[in-house]
Amino acid sequence: MDVTGDRVCYLIDLSDSMAAPIPDDWKPANGPTSGPSKRKKWKKGEVPTEADIPWWLIKTRFDLAREHLRISIMRMTEDQMFTVIGFGSRADYLDGCDGMVKATSSNVKKVLKALDDIEIGKPMIDRPDGTLWGDTNLFEGLQLAYGATKKGTVDDGAYVDPDAMEEGADTILVLSDGNPSMDSFGIEDVDYGDGKALADSETDKEGERTMKMNYLGPYTYWPFLLEEVKRLNMFREAQIQVISVGDGDREALRRLAAIGLGKLTELGKH
């Protein structure tokens, strides 16, 4: 998962569905099934590859995405800049990279620690595999990705802001397992009787209709979200790469990557 841009934004899905276990056939047929309880410590100058993935430590979609992300970050050179944004019900930078930072050994170490510190929470009735950051707000993650600069974040008009254009991401790499299930524009309103009532938008579980309903915002629908990304990327022309680690809409993810002249890669597909 090498990236060639000078300024790279990694977007990693931290929605609860990423806690789902991966099937055995996603792992290499001849890969190791056991090993040390901790990852190998790399010496200065050593560069890991996908052959170094500790498959015996990988149980969930998040584990798989994290290992690929770790390797990609560790393969960066010090003349590159990067940031890592996690998105669930909210989107935020990981500790150590509040905006674009140089890929120095110190910065890489800080961000990898923040990534490693993320743990899956206890299971709940509607989250039997455990919890992370809630729903899938890909919209907010992409908004933050386009606003990230080495000076911080451009909150308004990032797609035409001079600082964001010159110092923002020229490559965006999205790691996700599914479809958007919320955005920043959901509202509560009377039940108009249209669509289906969901008890949980993340799992698409249906529920009972009530006098008032929570209506999802427009960017939970792929056609609207894709049009928004086209607008954000119109002048930036950032490359967009998408890594799928689940059962999301393959065609929509492919189209997302195509906006940035990138491609869709599906982990676990041998």
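**Buried cysteines, salt bridges and a strand residue**

Cys97 is tucked away in this predicted model: the residue is buried, with a relative accessible area of 0%. Here buried stands for under 20% relative accessible area, exposed for over 50%, and partly exposed for anything in between, worked out with a 1.4 Å probe on protein chains only. The areas themselves come from the Shrake-Rupley method with a 1.4 Å probe, and for residues only the protein chains shown count as cover. Residue numbers start from 1 along each chain as its sequence is written, and side-chain values use heavy atoms, leaving out hydrogens and water. Since this is a predicted model, local features need pLDDT of at least 70 and side-chain atom pairs count only at pLDDT 80 or more, while totals for chains, interfaces and linings use all residues.

A disulfide is a covalent bond between the sulfur atoms of two cysteines; the cut-off used for the pair of sulfur atoms is within 2.5 Å. By that rule, the count of disulfides comes to zero. Cys9 takes part in no disulfide, as the nearest cysteine sulfur, in Cys97, is 8.7 Å away. Cys9 is buried too, at a relative accessible area of 0%.

Now for the whole chain. The chain holds six helices and 13 strands, where helices (H or I, at least four residues) and strands (E, at least two) are DSSP runs numbered from the N terminus. Of its 270 residues, 49% count as buried. The chain exposes about 14,000 Å², and carbon and sulfur atoms supply 50% of that area.

Helix α1 covers residues 61-74. With 14 residues at 1.5 Å a residue, α1 should span 20 Å, and its end C-alpha atoms are 20 Å apart, which agrees; the expected span is 1.5 Å times one less than the number of residues. Helix α1 is also mostly covered, with 13 of its 14 residues buried. In the loop between β1 (7-13) and α1 lies Trp26, a buried residue with a relative accessible area of 10%. The C-alpha atoms of Trp26 and Leu267 are separated by 7.6 Å, although the two residues are 241 residues apart along the chain.

Strand β1 contains Asp13, which is buried at a relative accessible area of 0%. Which residues does Asp13 touch? Leaving aside residues up to four places away in sequence, the list is Met18, Phe87, Thr136, Leu175, Ser176, Asp177 and Gly178. The C-alpha atoms of Asp13 and Trp133, which are 120 residues apart along the chain, are separated by 8.9 Å.

Next come the charged pairs. Side chains of opposite charge can pair when their charged atoms come close. A salt bridge here is a side-chain nitrogen of Lys or Arg within 4 Å of a carboxyl oxygen of Asp or Glu, and a search of the whole structure turns up 15 of them. One of these joins Asp117 and Lys113 at 2.8 Å, N to O; Asp117 is partly exposed at 47% relative accessibility, whereas Lys113 is exposed at 52%. Arg127 and Asp126 meet in another, at 3.8 Å, N to O. Arg127 is buried at 10% relative accessibility, while Asp126 is partly exposed at 34%.

Lys230 and Glu227 form a salt bridge as well, at 3.1 Å, N to O. These two residues are three residues apart in helix α5 (residues 222-233), which means that about one helical turn separates them. Both partners are partly exposed: Lys230 has a relative accessible area of 39%, and Glu227 has 45%. Elsewhere, salt bridges that share partners link Asp16, Asp126, Arg127 and Asp135 into one network.

The surface has a nonpolar patch as well, made of Val160, Met234 and Phe235, with about 300 Å² of accessible area together. Patches are built from residues with over 30% relative accessible area and no salt bridge, joining like charges within 9 Å and nonpolar side chains (Val, Leu, Ile, Met, Phe, Trp, Tyr) within 5 Å. Val160 belongs to the loop between β6 (152-153) and α4 (162-167) and is partly exposed, with a relative accessible area of 44%.

Technical notes
Contact = heavy atoms within 4.5 Å.
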